[in-house]
Amino acid sequence: MSPKEQKAKVKQVLEKHRHDKSRLVDVLQDIQAAIGYLTKDALQQASQGLDVPLSRVYSVATFFKAFSLTPRGRHVINVCMGTACHVRGSDKVLESIEKKLKIKRGSTTKDLKFTLETVNCVGACALGPMVIIGEDYHGEMTPEGIVPVLEQYK
């Protein structure tokens, strides 16, 4: 997406929220949904459009884990590292994903297909280890079992 297109998307989001500074989090969520991540230019435009200091916009954007200041993959993978999943081997599942995709947690593949992240708990402890890819939940994962699952998203 070109900078001009990004600027137009941010403008639409600001207009949708009527330049209401109390809706900063909503504005950032919608900008990220429209562009894919929060660019420096988008943060500056949001700051100006909401009449909020850039430092405050940046503070909110970096506080919440849901926001990303770097491009994310088309498929975001979340591996649950909660206690129940951990004792059932989620660390080994994570290692298998890292090896298969050739990235570490917190990284995105060069082709922007996958972003790998960990979460503390997804609330599905009985089905652990849990791996969530986009909106799809995959339970009782094993280091071997995750490989064909990943192939479905290529």
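The legends below describe close-up views of a predicted model.

**View 1. Packing of helix H3 against helix H4.** Helix H3 spans residues 40–50 and helix H4 spans residues 54–63. On the H3 side the contact is made by Leu-43, Gln-44 and Ser-47. H4 contributes Leu-54, Val-57, Tyr-58 and Ala-61. By class, five residues of this contact are nonpolar and two are polar, with no charged residues.

**View 2. Buried residues of helix H3 and what covers them.** The buried residues in H3 are Ala-42, Leu-43, Gln-45, Ala-46, Ser-47 and Leu-50. Their cover includes helix H1 (3–16), helix H2 (24–35) and H4. Two of the buried residues, Leu-43 and Ser-47, also belong to the H3 side of the contact with H4. An α-helix has 3.6 residues a turn, so residues three or four places apart point the same way. Just after H3, Asp-51 has a positive phi of about 55°.

**View 3. Crossing of helix H2 and helix H4.** The axes of H2 and H4 cross at roughly 65° and come within 11 Å. The two helices, H2 and H4, are therefore roughly perpendicular to each other, because angles of 65 to 115 degrees are placed in that class. Their crossing is right-handed. Leu-24, Val-25 and Leu-28 of H2 meet Arg-56, Val-57, Val-60 and Ala-61 of H4. Six residues of the contact are nonpolar and one is charged, with no polar residues. Val-57 and Ala-61 of H4 take part in this contact and also in the contact with H3.

View 4. Strand E2 runs over residues 114–119 and includes Glu-117. The relative accessible area of Glu-117 is 17%, so this residue is buried, the cut-off being under 20%. Its side chain makes a polar contact with the side chain of Arg-72, at 3.3 Å. Leaving aside neighbours within four places in sequence, Glu-117 is in contact with Arg-72, Val-76, Ile-77, Asn-78, Val-79 and Gly-106.

Notes. Residues numbered from 1 in each chain as written. Predicted model: local features only at pLDDT ≥ 70, side-chain atom pairs only at ≥ 80, totals over all residues. Heavy atoms only, no water. Helix = DSSP H or I, 4+ residues; strand = E, 2+ residues; numbered from the N terminus. Buried < 20%, exposed > 50% of the residue type's maximum accessible area, 1.4 Å probe, protein only. Polar contact = N/O pair within 3.5 Å; in protein donor to acceptor, adjacent residues only side chain to side chain. Contact = heavy atoms within 4.5 Å. Axes fitted to C-alpha atoms, helices over the stretch in contact; angles between N-to-C directions. Nonpolar A, V, L, I, M, F, W, Y, C, P; charged D, E, K, R; others polar. Parallel < 35°, antiparallel > 145°, perpendicular 65-115°, else oblique. Left-handed = near helix turned anticlockwise from the far one by under 90°.
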